[in-house]
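Here is a briefing on a two-chain model. Have the sequence and coordinates open while you read.

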Number of protein chains: 2
Amino acid sequence: MPKSDNYAIGIDLGGTFIKFGIVTQKGKIVKKLSKDTRAAEGPKVVTKQILKGISELLEGEKYKIHGIGIGAPGVVSSKKGTVENAPNLPGWGKVHLGKIISEATGIRCVVENDANAAAVGEMIFGAGKTYDSFVMVTLGTGVGGGIILNRKLFKGEFGAAGEIGHITIDYKGEKCNCGSYGCIEAYLGNTHLVDRVQAELEEAPESMINRMIAGGTRPLSPQIISEAAVAGDSFAIEMIKESGRLLGYAMASVSNLLDVSTIIIGGGVAGFGNTLLESVKSGMTQRLLKSLQPRVKVLRAKLKNEAGIKGASSMVFYK
Amino acid sequence: MPKSDNYAIGIDLGGTFIKFGIVTQKGKIVKKLSKDTRAAEGPKVVTKQILKGISELLEGEKYKIHGIGIGAPGVVSSKKGTVENAPNLPGWGKVHLGKIISEATGIRCVVENDANAAAVGEMIFGAGKTYDSFVMVTLGTGVGGGIILNRKLFKGEFGAAGEIGHITIDYKGEKCNCGSYGCIEAYLGNTHLVDRVQAELEEAPESMINRMIAGGTRPLSPQIISEAAVAGDSFAIEMIKESGRLLGYAMASVSNLLDVSTIIIGGGVAGFGNTLLESVKSGMTQRLLKSLQPRVKVLRAKLKNEAGIKGASSMVFYK
């Protein structure tokens, strides 16, 4: 194995686990491990966990490490390397994470919001390689986003840009965790999605989902909806199509505003496959200004497993 | 009058009139005139009207003209100086307006979309002077917009960015001229606004608007709504507040996406005054992500009369 290549450490800082990987310049993970975040014990313990993970990762290895990239939740100032008010990380007012890690390891450290890091990951390693500008949408517990304009991550005035999940599609619509109404996250975030499908399921006794959740004794999940759709369940397919169209409507607002027509979709719900992608495309195209319609592209993210590690590591090669 | 200063010609190319002005570097108009557009006769005749207007404007004057700025409807490539598919200008497929005007006059010519030019006008001469980033909203027949990021006009991939009017607030909402549903323009564009107020008026026999439109024999207009509100008519005030809140909801989507918190509002309906501005601010703040809420600023545009001429001329001083 050639160890003269450039490598980066990518760290995906989640609320439950911290995932670590050594990643090549081409986006291949050559070594990885995971540690408990121990988020409840506050930022000092979490930071120690990060440092422990890094030293275990490097133990006995001779990779030439170009830098460390950390993808973190919350508002991240990548200039200052600070993480602010991270959800799922109690006690994190404002933490100078980049400085702490680079001083302790002697390795340059770049910190970025996890959704933004995912967008940069797709630009450097994935589906965005050949596009100058695109919007990345990550479907998971929440709906995250990152905006790439002319091969640069767009951060906004204070580093908080790209909150695709909080584009409203209906001001009288579903209540969102953020306090607003009708945000696209209130339709496509995992629990919202499951709740919506669960409610509609009452009108669809013929759907195989009823059997799959054993009449309500097993919890419904995006995975089950996906499996039912693959098996041809028309209710499940229609639910996925509706979700896609709604996301498409939100993306039409985004595209009308930014004049960016390429959308890359990643995260768990993207497992809904082409049915989702095609309905996003049709929903978006229907609602876009005519001059933008012919340019719409909706692509699936390429970084799947360990997208968090790869996205974080891509920040090293990007900067 | 000192004629050694830098002057620009600003041209506001509308569907009915073309307005011309000689403008100082401080945004003062020292001479102006207007000509019929003669839009129905096609781009050649319109271009001749522009050239006639310029030569009449300069006749007998010794101002040192730094350049010509044209604000035009439609998608404008400011790099190429082309105007494409301008609404209200029949027959304009793609016209190299900048080149034609600069070759005929020997003066540098910058062409920009009129809503974008209004945003640059506010940045150079008006309410945006002291802000690095803001979103300009122009309320008129349509709802136009322009985005300033770090003192630069944001154009998007193909020059079409900033279509604030086509941000959806309700995907099941009012039909918009663009073909989509629930665009903010379908609530606040002049005719939509008037239609909405007219419909609600049936439930408000006590409103003085009924007398002002003589029981329906005179047409309702934004001007009448504004006058009724100023006179204390609670129905008119509530209609303006509702309009402001709806615009605020759209701006929350914009601000969540761009992390830009300063909004400048111009155009006719901005005559609704502080009632409008304050309700935009409260609607927007209610719906924004918490970290962005404290930074919201909603300002009134400073370029009022002849904003079109001034905005167009500002492109000369900007570039």
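In what order do the three strands of the open sheet in chain A run, and is the pairing parallel or antiparallel? The order is β5-β6-β7, and the pairing is antiparallel. This is a predicted model. It scores ipTM 0.92 and pTM 0.93. The points below cover confidence, the pair of chains, and then selected elements of each chain.

**Confidence**
- Chain A has an average pLDDT of 93.
- In chain A, 98% of the residues score at least 70.

**How the two chains relate**
- Chain B superposes on chain A by a rotation of 180°, with 0.0 Å of shift along the axis. The RMSD is 0.0 Å.
- The two copies are thus related as by a two-fold rotation axis.
- The same surface serves both copies, since 100% of the contact residues of chain B recur in chain A.
- Within chain B, the residue that comes closest to the rotation axis is B:D170, with its C-alpha at 2.0 Å.

**The interface**
- Contacts link 34 residues of chain B with 34 residues of chain A.
- On the chain B side, helix α8 (residues 234-258) gives the most, with seven residues.
- By class, the side of chain B that touches chain A holds 17 nonpolar, eleven polar and six charged residues.

- Strand β6 (residues 82-84) of chain A is joined to β7(A) by two bridges, and the strands run antiparallel.
- A:V83 stands opposite A:V95 of β7(A).

**Helix pair, chain A**
- Helix α3 (residues 114-125) and helix α10 (residues 307-318) of chain A have axes that come within 7 Å and cross at roughly 70°.
- From α3(A), the contact residues include A:A117, A:V120, A:I124 and A:F125. From α10(A), they include A:A307, A:M315, A:F317 and A:Y318.
- The contact of α3(A) with α10(A) has ten nonpolar, four polar and two charged residues.

**Five-stranded sheet, chain B**
- An open sheet of five strands in chain B has the order β11-β10-β9-β12-β13, with mixed pairing.
- Its edges are β11 (152-153) and β13 (297-300) of chain B. Each has a single partner strand, so one side of each lacks a neighbour in the sheet.
- Strand β9 (residues 134-139) and strand β10 (residues 143-149) of chain B pair in the antiparallel sense over six bridges.
- B:L139 stands opposite B:V143 of β10(B).

**Helices on that sheet, chain B**
- Helix α3 (residues 114-125) of chain B lies across β9, β10, β11 and β12 (262-267) of chain B. Its direction is at about 50° to β10(B).
- Helix α9 (residues 273-287) of chain B packs on the sheet too, touching β12 and β13 of chain B. The direction of α9 makes about 160° with that of β13(B).

**Hairpin, chain B**
- Strand β2 (residues 17-24) and strand β3 (residues 29-36) of chain B run antiparallel, joined by seven bridges.
- B:I22 stands opposite B:K31 of β3(B).
- How many residues lie between the strands of this hairpin? There are four residues between β2(B) and β3(B). In this hairpin, B:G27 takes a positive phi near 90°.

Definitions and conventions:
Residues numbered from 1 in each chain as written. Chains lettered and ligands numbered in written order. Predicted model: local features only at pLDDT ≥ 70, side-chain atom pairs only at ≥ 80, totals over all residues. Least-squares fit on C-alpha atoms with pLDDT ≥ 70 in both. Contact = placed C-beta atoms within 7 Å. Nonpolar A, V, L, I, M, F, W, Y, C, P; charged D, E, K, R; others polar. pLDDT = per-residue confidence, 0-100. Pairing = 2+ DSSP bridges. Axes fitted to C-alpha atoms, helices over the stretch in contact; angles between N-to-C directions.
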